[in-house]
Amino acid sequence: MSCVRTTCPYCGVGCGVLATPDGKGGAGIKGDPEHPANFGRLCSKGTALGDTLGLSDRLLYPMAGDRRVTWDAAISMVAERFTQSIKQHGPDSVGFYVSGQLLTEDYYVANKLMKGFIGSANIDTNSRLCMSSSVAGHRRAFGTDTVPGIYEDLEQADLIVLVGSNLAWCHPVLHQRIMAVREKRPVTIVTIDPRSTATAKQSDMHLRIDNDEDVPLFNGLLRYLVDHGQINSDYVNAHVSGMEDAIAAARTTPPPAGVTSEECQNFYRLWADTKRVVTIYSQGVNQSSTGTDKVNAIINCHLATGRIGLPGTGPFSVTGQPNAMGGREVGGLANMLAVHLDIDNQNHRAKVADFWKSKRVADRQGLKAVDMFDACARGQIKALWIMGTNPAVSMPRATAVSDALRACDFVVVSDVVTKTDTTACADLLLPALAWGEKDGTVTNSERRISRQRAFLSAPGEARADWQIISDVACKMGFSDAFTYTRPAEIFDEFARMTSLSAQEGLDLDLSGLVGTDYDRIDPVQWPVTAKEVGGRFYGGGGFHTPDGRARMVPVTALANPTLTEADYPLLLNTGRVRDQWHTMTRTGTSPRLGKHIAEPFVEINPVDAQALAIADADIVRVDSPFGHLLARADVSDDTPKGQVFVPIHWSSRWTAQGKPGPLVAADVDPVSGQPALKRTKVRIERFAADWFGFALSAREPEPRAAYWAKTRIGGGWKLELAGRKAPGDWETYAAELFGAPDAIPISVIDAKKNSRRLALIDQGRVVGVLFTSPEPVAISRAYLTDCFGPEAKAADLLAGIPGQGRPDPGPTVCSCFNIGVNTLLDAIVSQQLMTVEQIGESLGAGTNCGSCRPELNALLGNGRARAERPVGT
């Protein structure tokens, strides 16, 4: 079968992918050289998409508890329970919690059912956790949720400011576009982030402000621009209102903490003296109780100088999900109508009602994410439908969210996998199509609509989300409005609906796509009309406010008092790592992506670690007023003193107690409702483990230990363990761990060190190997992982290190080409490699997505590579 042009299902860059099915349920994957988002580049996650197409964890049939049911029964159950709740308690007694991983067509139908026919706005999305502060900031400044710029601006700017964005790891393809330009001409890169990230290490200037000091920093920049005559008076006088109030607020704001006055002045001077400036921001800005004010503080500086809507200029929000933008376009947030119309505007509601031919369009905002799950706990929400997301992991106070779901009268989950923290709380599971099987559109961070095309058959009884929602809508009595037979019909209706936005003088117009051959839609940037396609907004004004003028919003920095106290002296920051995504339901199935960082970790500054007697590779416990976690200590000055950093990805599927959601406070931005996921007070202490273990298993292990973290490998599973009290019989423990009660054990015991190496043989094959010690187990994990498989010999595995003539690649640094740290170090020495480029020419490392380049630079002697640390080795 020939290759299929589709779009990556990970972040908001929206990379084009060429997928070539192999006829066996898999596919070859490579970047699409013709797609304008990536021009053939893919990151490590995109490159490994072919690893994630298996069916081992798939939800294939509707399930009511442990019982398989028919689709007719499942659809009837959802329709009856929702209808019953609405009849008894009103439309606000039900809710949908959806996902930026849904396609636009899925999102549109879900929003239409809830807001247009059920008559409630209780539909919100996990994008609330991602970019809702950016939406709110855009609407306050521009009158609508418009991203002004395009990706080409990143290549045309002379100064790029990255605020709260680890672009090198979270949006690697965009970062490589920037780095490629810097190799050709002078481009200055400034990173503003408390942590020393991979992005910061490749920047020309790094401002390590304290958490949530963005408003003071950019208010200081606004003051500097005014005081040094850098205001574009012509642009402001013609197109901007509110400047005097914004300046007055800026003058009352104290300087930012964490950086010196000299550092601020250097940054301000650079920004003022450079005409082509793009300010890229992401979760470090949005995920804050002052996130909306941060967004407007950034936008204020661009409006005041007219550096917006022109080549190489503007504020630029980069989104974390493949269709967060598409969800915003169709009204997937509880405080919006479809096509950027305002739910609080009676005229807008009337237009939507007329278009949908509905008499019950929601007339007020619905519950946002945190409030929605609180409403479940109170019994206000009686029936909840969760689609394509895992809130029992990703939400703040995640344990309370799980409790709320169990307390809710009826919870239905549509998903592609069986085992998540959220599916464990559901009354009914509905099997949805996964990437590679579903068909529709997504919109990326630069407003570019791309097709996701199916190249695999639907497995089992899995169905498209739009079809499931439409079937429920018909069963509830709304069949006239949900007669769709294919996604093209939904997209055409959505494109026609955008005429309502155009009539109101708003930005979203897809009229040029009405009646288009859906299967032939190429990547296209909106607006798409008969007269124009794509481009920038606001270079010549034309804002989407009643008077056509932008609003500079006065913002201050008074809303975030210091949170630490004697019992909780540290601040918890959460975020992403390079090779994992969200809660690992997809990336966790790829053996190669688990090689870079194989377990949850707590990054802690050496000063704090020393004070707390914590060493690298210790297991540590982190407590907040809401919950706790156990994870591996990573002592590093990448995190500033007084803070700890924990990745968001690990769930109960992959670790015993390593998910951070239970710790995180549910503080939200008062405007956007976005949770502050990067500022929770915590304490940390060493977990006094009596024993540590490392294991490899042919079958998925079922560990019993206070701490464990498991990862897929090519020949099965890899497992890290630690516990308080050692088992009395290690052979019995291993047999239970590996699910091999009849296997023959082979043990090597070092009585002096109180350590043990144990292999289990079943029908001539090594089905598991376990290493235990009173200290963290010191063996060659990379060698053992590569060695383990059907042909592995017990003696080779129990040795723990390679024999003579067998190289040990070491922990993986470059996931794209599976190159380990030892391989790299050997090449650096033997070939006298001096630059990252020379490493790439020799081994290929760093030449695909480029996200390992900071670690390659560290191996050359310019820092410390992640793979050299005990974490995940």
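Trainee: Which exposed residues sit on the face of helix H15 turned away from its buried side?

Mentor: This is a predicted model: local features need pLDDT of at least 70, side-chain atom pairs count only at pLDDT 80 or more, and totals for chains, interfaces and linings use all residues. Residues are numbered from 1 along each chain as its sequence is written, and side-chain values use heavy atoms, with hydrogens and water left out. Exposed means over 50% relative accessible area, buried under 20%, partly exposed in between (1.4 Å probe, protein chains only). On the face of H15 away from its buried side, the exposed residues are Gln346 and Asp354.

Trainee: How wide an arc do the buried residues of H15 cover around the axis?

Mentor: The buried residues in H15 are His348, Arg349, Val352, Ala353, Phe355 and Trp356. The arc is that of the directions from the helix axis to the C-beta atoms. These residues lie on the same side of H15, because around the axis they cover an arc of only 165°.

Trainee: Which helices are among those covering the buried residues of H15?

Mentor: Helices (H or I, at least four residues) and strands (E, at least two) are DSSP runs, numbered from the N terminus. Contact means heavy atoms within 4.5 Å. What covers the buried residues of H15 includes H3 and H20.

Trainee: Which residue of H3 forms an aromatic pair with Trp356 of H15?

Mentor: Rings of Phe, Tyr and Trp (its six-membered ring) pair if their centres lie within 6.5 Å; planes under 30 degrees apart count as stacked, over 60 as edge-to-face and the rest as tilted. By this rule there are 28 aromatic pairs. For one of them, Phe96 and Trp385 are edge-to-face, as their centres are 5.4 Å apart and their planes stand at 80°. In the edge-to-face pair with Trp356, at 6.1 Å centre to centre and 80° between the planes, the partner is Tyr108.

Trainee: How many residues apart in sequence are the parts that this pair ties together?

Mentor: Tyr108 is buried, and Trp356 is buried too. Tyr108 lies in H3 (residues 104-118) and Trp356 in H15 (residues 346-356), so the pair ties together parts whose separation in residues is 248.

Trainee: Which residue of S15 stands opposite Leu384?

Mentor: S14 and S15 (residues 410-415) run parallel, joined by 5 bridges. Opposite Leu384, the S15 residue is Val411.

Trainee: What stands opposite Phe645 of strand S25?

Mentor: S25 (residues 643-647) has 5 of its 5 residues buried. In a regular strand the side chains alternate between the two faces of the sheet. Here both faces are covered, with Gln643, Phe645 and Pro647 on one side and Val644 and Val646 on the other. S22 (residues 601-604) runs antiparallel to S25, joined by 2 bridges, and the residue opposite Phe645 is Glu603.

Trainee: Which residue's ring lies under the charged end of Arg586?

Mentor: A charge sits over a ring if NZ of Lys or CZ of Arg is within 6 Å of the ring centre and within 35 degrees of the ring normal. Arg653 lies over the face of Trp654, at 4.9 Å from the ring centre. The charged end of Arg586 sits 5.3 Å from the centre of the ring of Tyr10.

Trainee: What is the radius of gyration of the protein chain?

Mentor: The protein chain has 27 helices and 34 strands. The radius of gyration is taken over C-alpha atoms, and the globule rule is 2.2 Å times the number of residues to the power 0.38. That rule gives 29 Å for 873 residues; the chain comes close, so it is as compact as a globular protein of that length, with a radius of gyration of 27 Å.

Trainee: What share of the 873 residues counts as buried?

Mentor: The C-alpha trace spans about 80 × 65 × 60 Å along its principal axes. Of the residues in the protein chain, the buried share is 65%.

Notes: Two strands pair if DSSP finds at least two bridges between them.
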